[in-house]
Each structure stands twice: as C-alpha cells, then as structure tokens.
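Here's a quick briefing on one residue and the interfaces around it. Have a look at the model first, then read on.

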Amino acid sequence: MKTLKLLALIIIPLGIILAAVPADRIRHFQLTADELLQEAGAGVQFISPDVVADMLVQKDPSLRLIDVRTPEEFDDYSMPGAINVPLSNLLADEYSDILNQNAYVNVFYSNGSVYANQAWMITRQLGYENNLVLEGGLNYWFGNILSPEEPSQTSPNEEFARYDFRKSAAAALGGGGVVSTEPDVPAVKAVKPPVSAKAKKKPSGGC
Amino acid sequence: MGPLAPYEIISENTNFLLAFFIGIAFGWVLESSGFSSSRKLAGIFYGYDAVVLKVFFTGAITCMLGLLFMSLFGWIDLDLVYVNPTYLTSAIIGGVIMGAGFIMGGFCPGTSFCGAAIGKIDAMVFVVGLFIGVYGFAFTYGWWEKLYYANYLGEPKLSEALGMKDGLFGLLLIIVALGMFVVAEWAEKKFPREEY
Amino acid sequence: MSNSKTEERGRRYLNPYVGGVLLGLVLLAANFISGRGLGASGAVKSVVVTTIEAVDKDAINTMPFMADYAESHSGSPMKSWLVFEMLGVIVGGFLSGAIAGRLKLKVEHSPKITSRRRLVFALMGGVLFGFGSQLGRGCTSGSALSGMAVLSMGGFITMMAIFGTAFALAYFFRRNWI
C-alpha cells in the first residue's frame, strides 16, 4: 500500500504534465506551405507501380486504390478493387472519411499522374496523411506492369529480376501474356519488387 | 534519434544481440515478480492475489509515460514505433480463446517459458500445448482466413479513436489503473488465501 | 501446506509495483532500441515453422499461413527478434529463480486436485493459448501489454477479451486453483 501511494505520487503528476502540454509538441499534423513544397519537390508522394502490383498480388488489406478520373472513365476501366472519387468532387463531404483516415494506404491514380498529383496536393494541404500517388499512372501501369517488355540480353540482372516480377504479377492480375521466362533466371517466387530508396522502413513487430 | 534499429543506427545483428539482453531482463522481471507460478497468476481471477493486474498495468503505464516523454523531447519518432494493427473480429475471438486458455492453463506464453525455466513441470506441459496450438492454427488456417482478416481498422490508437490527445488519454489510463489497484488491495485483504 | 511454506517460497518476490515499473522500463528499452514491443508467441511460431521445414520441406507450402511467415523472414525463421528475446527470457527466468532459490522440478497445483489433472488442464490451456495467439495476432505480452503501452486500440481490445473471458470462466475452474 505504501508503494502504491508512492507510485501514485510519481505517475499522476507525470500524467498531468503530458495532458497539459499542447498536442503539437507530441505530434505535429499541420503542414506549412514550405513543408508541402519540400515534400512535393522530394516526390515523397509517389509509390512505385511495382510496389502496388506486389500489394495487389499479396492481397494487402491496407491498400486502397482511388480512381480520380470521371465516373465514365472509371466504369470503362478501373484497377482491381479501386473506388471512384472524381477530382472535381474531391472535397465533397461523402469522401472526407475516405481521404482523411489512417487505416488504409490510399493510392490515387489517373491516366497520367497529373490529376492524381493534384488530388494529393489538395488533401496533403488539408493535413491528411496516408495518401499516395501511383507513379506514371494507368499509362505506365498498362505499358510496363501488365505487359512488360523483355529486357535486352545485355541488360543488368536487376532488369531481368524486375521483368520477372512484373511478368508474374501481370499473370496474377490477369493481364499480359504468360510466356515462360529465361531458364537461368531464379524462380519467380524469390523475386521481390524493387523497392524505391525513398520508402522509409516500416516498423515491424508483434507476435 | 530513436528508435535505434529502424533508423539503422544499430545493425540488424546488434539488434538481435540486444534482443537477447532485453529478453534476459524481461525474464528476470517476470520471474522475480512471481509470474513463474500459475497459482499466483490465477489469483487475480479469484481476488486472492492481484500481482498480474498490478505488474501488468504498472508496466504498460511506465512504458507509455516513457514513450510520450521521449517523443516530447524529440528523442524518439513514434511513427517508427510498431503499433499493432487492429483486426476487430480476430482480436476479440482470439482474445476470448486466449482467456479460456489462461484460466485453464494458468499461464500465458511469456510466463510459461519463465516457469519452465525454473523447473515447473506444468509450465513445460503448457509450452508443449502452445506448440500444438500454433501448429493447429496453421494447419487449419484455410478455415479461419476470412475471419483472420475481417474488420480491418488499420493501426488506430485508442486515444485517436476517442478523439483525445495522447497525453490526456494517458492521464485517464493512470487514474483508472490506480483505481483498480486500490480495489485489488482491498480484494487481497477480503479474500486471503492460505500460503500456496 | 504451511510447513513447507518457508522452504518452498525461497526468497520473497519483488513488490509488484516495483516489478511493474521495471517491466515498463524493459518494454521502453525494447521500443527505443528496436521500435517494437515485447512478445512471446511469435517465437513459438518461428520454432514451429522451422520444425515443419526440417521435417518436410514441401509441407510448408501447403500451409499458406506458415509459408507467408517463412517468406517474410528471409534467411531462417529462427533468425527473428522474438526468438532471441525468448532465449533471453529463459536465461533471465532461470537466473532469477536460481538466485532466489526457487529452482525445483515440480508440478504446482491446488491441494484439491491431482498433478495429473493439473497437467491435463495445462496442456489444454496451452493449446488454446497457442491457437488464440495466432488468430489474435499476439499474446498477452505481444498484443495486450506492448499494444497498451503504445495506446493501440487492438491492444486494449485483446486485453479486455483475455481478462474478461478468464474472469467469466473463473467460476467453473475454481477447484483447480483455490
């Protein structure tokens, strides 16, 4: 009982201090124009199509693809599991729960990357997190992921590794033709998508 | 500056070595608090010994205070500290199954290793059970896969979900825990056990 | 019972609040150094994966749950943070028990039940806990304790589910303990 009183005497004041300090000292959400410019300049918003392909193949539950094109274009073709949030309606109330959250990794895409990038700029300025832009947009996705071009014989090994990964991803995602790969390349299963150097290491843990 | 490993301030192998030392300290604290005894652990459910409650919540609160203060001083980047993802369905069902295992077996995984280390045969049998259980889950995974991924909520903090600042939530947690400690002290007097 | 009390208990246990603060500091060190909390059941999983792989290399691929885990731990599944940590736990527990004079091969049980009954229940409890920890993505240390320290919602939910169920069922198993 004596120890309990001592414990209470120590932790209650510490708790009060923490409760009293302004929240932004603990974590800051708001972004100044300078910071936004810096982030945009560094290109932190881009996620490589290979990473997205890998997440799709792995059925990563945290991935959410967001199509910012018009509903007509969306009906015509959309990426697997994507939802439609037209850029013109981005700020509508119905979408704020989708864009301002921290359960999913949202990936904006458009045909190129211009519209998707605009969507990112707007949401980022509002202080929203967890929104990314698909690098190269649908054009690159079709041209390079779903129907990858075989590298020339003189290409470095990474090119082949990437080609192999894309090939298997395309097969899993139901695009492109399935042609057997070079016999001397390692088994497809071992191929990991090339991760961009920018990506921060996500903490791992748990049992 | 922290956490050290995700920032690559220390190498992977150093991290593993330090994990071993952290484990030694963990095992030491568990054993010397009495967590190697199943009857002491089970005491919380009958009121005669609340050591689990006291150690468990004091530990969580100490660490929480430490992390929040370190973050306040800029010593640690909380974004790089692992926050368990929340899959609502599997967290609840898994927790219920674990609770049943707790009252039947008298240990949880960490404490059973501790008990086994000092020669408790019941703890060793519990550890054998753990292996069977883990294997059983993997073997029948196909049946539970849907359940395993159902109701994914991301990695929310309870403080955020309640719309509170981390600090304020921490203070409330401290007050609730101290309240439980007072009740526990009372219960230990009310339902005393002969030495066990 | 009271006769053997002094010799069996050895030296006294730590004050629980002191033990709790020490536990918190260990957990804090784990978070500061490795950016993660403590855990236990993950180490069991590593051993299970390794054993299955050693016995039958192909069997692992028929179990997607294990195959994913083996793949995410490049190299050997034994080379994981939790395995090293749990080896430390065994050493630390042994040292503490040795110093306090608590090393003794025995089955601890209520005087009202037999050793055999105690062991049967320990085995059943272990199976349930092993199963539940995989479904719930972590046990009392990995999910409940470490999760609560970082204010994870999942940690609080798992903690309440574990202790709530155990309290609810306590009445039916009272003979085993008191």
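Why does Ile61(B) count as buried? Ile61(B) is buried because 25 other C-beta atoms lie within 10 Å (the cut-offs: buried at 20 or more other C-beta atoms within 10 Å, exposed at 12 or fewer, partly exposed in between, with C-beta atoms placed from the backbone). Bear in mind that this is a predicted model, where local features need pLDDT of at least 70 and side-chain atom pairs pLDDT 80 or more, while totals for chains, interfaces and linings use all residues. Residues are numbered from 1 along each chain as its sequence is written, with chains lettered from A and ligands numbered from 1 in the order in which they are written.

**Around Ile61(B)**
- Ile61(B) sits in helix H3 (residues 51–72) of chain B; helices are DSSP runs of H or I with at least four residues, numbered from the N terminus.
- Leaving out residues up to four places away in sequence, Ile61(B) touches Ile11(A), Leu173(B), Ile174(B), Ala177(B) and Gly24(C) (contact: C-beta atoms, placed from the backbone, within 7 Å).
- Leu171(B) is 110 residues away along the chain, yet its C-alpha atom is 9.5 Å from that of Ile61(B).

**Chain B against chain C**
- Chain B puts 113 residues into this contact and chain C puts in 111 residues.

**Domains of chain B**
- An automatic or database domain assignment gives domain 1 (1–82 + 164–196) and domain 2 (84–156).
- Their contact takes nine residues from domain 1 of chain B and eleven residues from domain 2 of chain B.
- On the domain 1 side, helix H1 (12–32) and helix H2 (38–42) of chain B each give two or more residues.
- The C-alpha centres of the two domains are 19 Å apart.

Terms used. Two residues are in contact if their C-beta atoms, placed from the backbone, lie within 7 Å.
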